[in-house]
Number of protein chains: 2
Amino acid sequence: MTAIKENSTLNENRKSSQASCPVSFVMNKIGGHWKPIILYHLLSGTKRYSELKKLIPAITEKMLIQHLKQMQEDNLVIREAQNVVPPHVTYSLSKEGEQLRIVLDAMVEWAFAQDFKIDEN
Amino acid sequence: MTAIKENSTLNENRKSSQASCPVSFVMNKIGGHWKPIILYHLLSGTKRYSELKKLIPAITEKMLIQHLKQMQEDNLVIREAQNVVPPHVTYSLSKEGEQLRIVLDAMVEWAFAQDFKIDEN
DNA sequence: TACTTTTATACAAGTACTTACCCCAAAGTA
DNA sequence: TACTTTGGGGTAAGTACTTGTATAAAAGTA
């Protein structure tokens, strides 16, 4: 799933900055454009894969599943699958993921303090 | 400075998600690996360009100047230059940048609530 | 004269991230 | 039989992000 070159300068830099900067540590977990959006939607409760897809129309399935998987590995979200056909899989926030609420809320507040306006389209 | 293709799907997606998700709006301003680190260091006060470079040894000058410039355009940081040679330039947080303190603090708290440990090297 | 200092800029090359498109399972339904 | 449903996997190509290296100005210093 998208191989990463272990010894690239980029990757080394990433690791070292992550080690010395807590903010960078967080960004490595929830950075990128889709993760925070996914987390944001999970804040309101457990969702099925297909529900997330509907809530975030612009995301490709590839991206959705990739980020869910990464966040699952980072213990931010919990994946639960029922062994049925067609599949039934739900995603929810883990305890650690749930604790991100404070961070995400702070972001939302800041956004609105700037001249951010919701544009429902 | 690093041209961006205006009509790429990526860019369109970015804009639309930014418009409907406040968290994404924030990530577009402080996302990436270096911006939060730079902001973090500016939280403790005005810094010269060269001071920032010393505080963040791993960053290349290119990245430092590029991100400072972007954040300046986003009104997060203020650049003040004295017209002397050699140049003397300082960077500080704007009001909006200063307001990010809450967000950054929340991140720091979360990081330490996970098993994050500072590694000074 | 030659080198240092400070704050940059420009271009090429490497790396990561994102999209686009095609494929699959197995049960239920038309 | 053929199609739908749900939750994915795989590959290639496009786009963005980062690094690396070279270059500059103008005054001060060795």
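## A lysine on chain B

B:Lys53 has a relative accessible area of 30%, so B:Lys53 is partly exposed. Partly exposed lies between two other classes: buried means under 20% relative accessible area and exposed means over 50%, with a 1.4 Å probe and protein chains only. B:Glu61 is also partly exposed, at 45%.

The side chains of B:Lys53 and B:Glu61 form a salt bridge, with 3.2 Å from N to O. A salt bridge is a side-chain nitrogen of Lys or Arg within 4 Å of a carboxyl oxygen of Asp or Glu. Side chains of opposite charge can pair when their charged atoms come close.

## Basis of the values

This is a predicted model, in which local features need pLDDT of at least 70 and side-chain atom pairs count only at pLDDT 80 or more, while totals for chains, interfaces and linings use all residues. Residues are numbered from 1 along each chain as its sequence is written, chains are lettered from A and ligands numbered from 1 in the order in which they are written, and side-chain values use heavy atoms, with hydrogens and water left out.

## Salt bridges on chain A

In chain A, A:Lys53 pairs with A:Glu61 in a salt bridge, and their closest N and O atoms are 3.1 Å apart. A:Lys53 is partly exposed at 29% relative accessibility, and A:Glu61 is partly exposed at 44%.

A:Arg101 and A:Glu98 are joined by a salt bridge between their side chains, at 2.8 Å from N to O. A:Arg101 has a relative accessible area of 30% and counts as partly exposed; A:Glu98, at 33%, is partly exposed.

## Total

Over all chains, the structure holds 4 salt bridges.
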